[in-house]
Structures are given as structure tokens and as C-alpha cells.
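Open the model in your viewer and keep the selection panel at hand. This tour goes from one selection to the next and says what is there.

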Amino acid sequence: MKLVVIGAGLAGLTAAWELSKAGHDCTVLEARDRVGGRTWSARLGNGEITERGGEYVFPTEFPVRKLAAEVGVPIMSHGVRYGRRTVQDRIISFAELSATTAQVKATLTQMLADGESGVSLERIFAAALGPDYRLDPVYRRTTTSVAADPAQVNAEAVLLHESSTTGGYIEDGGRFVGGNQALSIELARRLGDRVCLERPVSGIDQSVSGVQILLRDGTRIDADAAVITVPLPILREIRLGFALLDEQQRALDHRFMGVAAKLGVPLTQVDDDPARQDPEHTWWSWRSMSFDGENRVNALSQFAGGPCALEALGVHEGPDRWVAAVRAMRPQLRIDGEVLLTDWSHDPWAKGSYSAPGLNWRPEDAEAFTRPAGRVAIAGEHTGLAQSLSGAVASGYRAVTALDSVLKP
């Protein structure tokens, strides 16, 4: 069968790879001039690789690890204390991390058992930890990662359902050798000329026998079925000539796009702390382990999540205020050349970093995309519980399974 995948991020490339292996004629349409979507690797002036987008692969994120092993893209450890960052010169122990997390989850579980719903991250941390909750390093780490206003984010989704916090926490995070975009690049290499860059889609319709994809340049492509894998704000802009399933529309309505920025900083002189969290705002910085497994890279990576952090750092005006904040946090550093700022809120093909569950989120939202809407499957991190590289890959696998009823005679 002839299929079209819209989007060449990890979700789209995973779906296209699986469909192609099954013998289908699959074309990938990508609006950008590169593959990878929100996974984007670049080199700083001193030669070190920095990630402009998706960064961490955690030990239990099996979908992305399976795919990487299949196509031969190796993963190594960051060697960074992801969950136990230095805050005001203090590092909490693993026991403290586990105890605080358990306390917050227990408080939330009791509130849900008492019939409450729509509990926000902000509210649950205040209820569980008391008036000084904003000083707690677990609160600071969690709210940095969601990249959104914690008063608008559903605590049940983040703390009880998302893959990074369920089933126990392991203090490690991996990255792809050669940069995280390496997996997308390898998938695209294997797919060859079936990946078409700079081909943005404006609309999709379908009939009983097939789908019709309209590109922004006015051309039309007909196919038997399609997979849409664009980010949530872009999905909302595409003109759909058909209705999504009711549960799918509700699930999408229950999510909103977060905002985040990354800053890569080349270094000649470094300090000895691989992971520091700002105590007042939701941003942190780290130095990853080098590929030799012994030394750390001569670069600092930084992530700011949520509108308040981006405003405090003056991200929309450029990197200067953020660089000044880094110098204040890490006075021993010596910067070697130009820094690299990436503001995902201004990216035209993402319009944000990754999605967050709103207060109306429901557990059944996670099952909404296991079926297609007619001949169209929807994928992307916003369709599942993991807003990560692995979440994107998992959604691509799920979209292929969802199309089974369409593709099998």
C-alpha cells in the first residue's frame, strides 16, 4: 500500500521505518530542511557537540533503546546527577529524593481517593511539603522538566503515570554517540529518497478508499493511509477534512504546549560540578561525560523550562542575561567562543518545546490514539505519557499498530 507520513521527527521516522519494513510504499513529508524535529544536534566552535533539543534517554525507556539497537546507533551515559542536582551548594541523597517523591505521591493518591480531580503540580507540592515547598530540590527539578506553569499542569499525569517516574527511579541518563540527532539521521539514511524535506502540509482529507494530502505549495498527494506526527500546535493548524475520534479530540484538548530554551556554552576552564539547578528559577546546567568515558566535555549544556524562566533569563532578547546568570552560578567557568541559544517557543515548526497535561487531563487520554481516525493515525509525544525521545518513538510504533485494520486485507 501507499502511505504518507507527515513529519520526519523521531515519531514519523519510526513509523516510516516500520511501515517500509512491512513492504509498504512509504513517503515522509517534512517541513524543515533537516530531519529530527525537536531532536537537533550541533557543534560548538570548540568542536563539542551540544543538543539544541531532546537530551536524555533514561534506562527504562525501552522503545527508543530498542530502535537504536536495531539500527546500530550506540547509547552512552551522560554521567550526570539528573534527579539530584546541586541546589545552593547542597546535593540531596538518593534516600532523600526517594522519600520526598514517595511523600508527594502518597499525598496525591489520598487526594484522588477522596474524590479530588484536576490537582496541579503546584498544589500537590504545597500540600505535601508545606509552605517552603518551592525551596525543595525535587519540586524545582520536577517543575523545570515540565516546561510549563506548574499551576496549570496535572499532577496525576506527571507523578503517577509518566514513564520517567513510575516503576522506580534510576539515577542515570544516556545520549547517542555522535549526538542525539544521530538516530534520526540513520533512519533517514536507510529510508533514502522516501524522505522529502521542505514539504510542509496544509491540509488532509480522506474518503472511503484513501487519503488526500494538500501541501502548502498547492500540490496534492493521494495515498491509501497516512500518519500525522507533527507537534501539537502544528497539528491544530493543519486543515482536517474529517473528524478525529471523540476521545482523540478530548485528549488533544486536555494538553497544551510548554516552552523551553537550551544554551550550549563552549569552555576552556571548568568547575567540578556536573549538575547545578538554579534555586529561584526553573533552569539548570550540566556537563556530560565524554565519549571516552573518563573525562567530561568542554561544554556546558543548559535547559530553561516554562515561561517564567524564559522571561527571567531574557531569552527572547538573546543569550546575554542567561550567560550572566551562568557566570554568577559558576564563577570558575571560562567561556571559549560563541554560545548557542535555541528558543523553541519561536521555532515555526514546533511553536514550543513539548506538551504538558492540563488540569482536565484524564488517564484514558493515554489510550485515545490506539485506533486510527478512519485511514489516519496520529502520533507524536503529545499522544502519550512520555514527552521525550522515547515517547516519540513509542508513538510511532503505536501508530503503525493502529493502522493494522486499514492495511491488512
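Are Arg81 and Asp273 buried or exposed? Select the two residues in this predicted model. Both Arg81 and Asp273 are buried.

**Stop 1: Arg81 and Asp273**

Keep the pair selected and show side chains. Arg81 and Asp273 form a salt bridge, with the closest N and O atoms 3.3 Å apart. The two residues come from distant parts of the chain, 192 residues apart. Arg81 sits in the loop between strand S5 (75-77) and helix H3 (94-113). Asp273 sits in the loop between strand S14 (260-269) and strand S15 (275-277).

**Stop 2: Glu381 and Arg38**

Move on to Glu381 and Arg38. Their closest N and O atoms are 3.0 Å apart, and the pair forms a salt bridge. Glu381 lies in the loop between S21 and helix H12 (389-402), while Arg38 lies in the loop between strand S2 (25-29) and strand S3 (41-43), so this contact ties together parts 343 residues apart in sequence. Check burial next. Glu381 has 5% relative accessibility and counts as buried. Arg38, at 18%, counts as buried because the cut-off is under 20%.

**Stop 3: Lys21 and Glu18**

Select helix H1, residues 10-21. Lys21 and Glu18 both lie in this helix, three residues apart, or about one turn. Their side chains meet in a salt bridge, 2.9 Å from N to O. How accessible is Lys21? Its relative accessible area is 43%, so Lys21 is partly exposed.

**Stop 4: the open sheet**

Hide the side chains and switch to a cartoon view. In which order do the five strands of the open sheet run? The order is S7-S2-S1-S11-S21, and the pairing is parallel. Strands S7 (195-196) and S21 (376-378) stand at the edges; each has a single partner strand, so one side of each is left without a neighbour in the sheet.

Now select strand S1 (residues 2-6) and strand S11 (residues 225-228). The two strands run parallel and are joined by four bridges. To finish, pick Ile6. Opposite this residue stands Ile228 in S11.

Methods
Residues are numbered from 1 along each chain as its sequence is written. This is a predicted model: local features need pLDDT of at least 70, side-chain atom pairs count only at pLDDT 80 or more; totals for chains, interfaces and linings use all residues. Side-chain values use heavy atoms; hydrogens and water are left out. Two strands pair if DSSP finds at least two bridges between them. A salt bridge is a side-chain nitrogen of Lys or Arg within 4 Å of a carboxyl oxygen of Asp or Glu. Buried means under 20% relative accessible area, exposed over 50%, partly exposed in between (1.4 Å probe, protein chains only).
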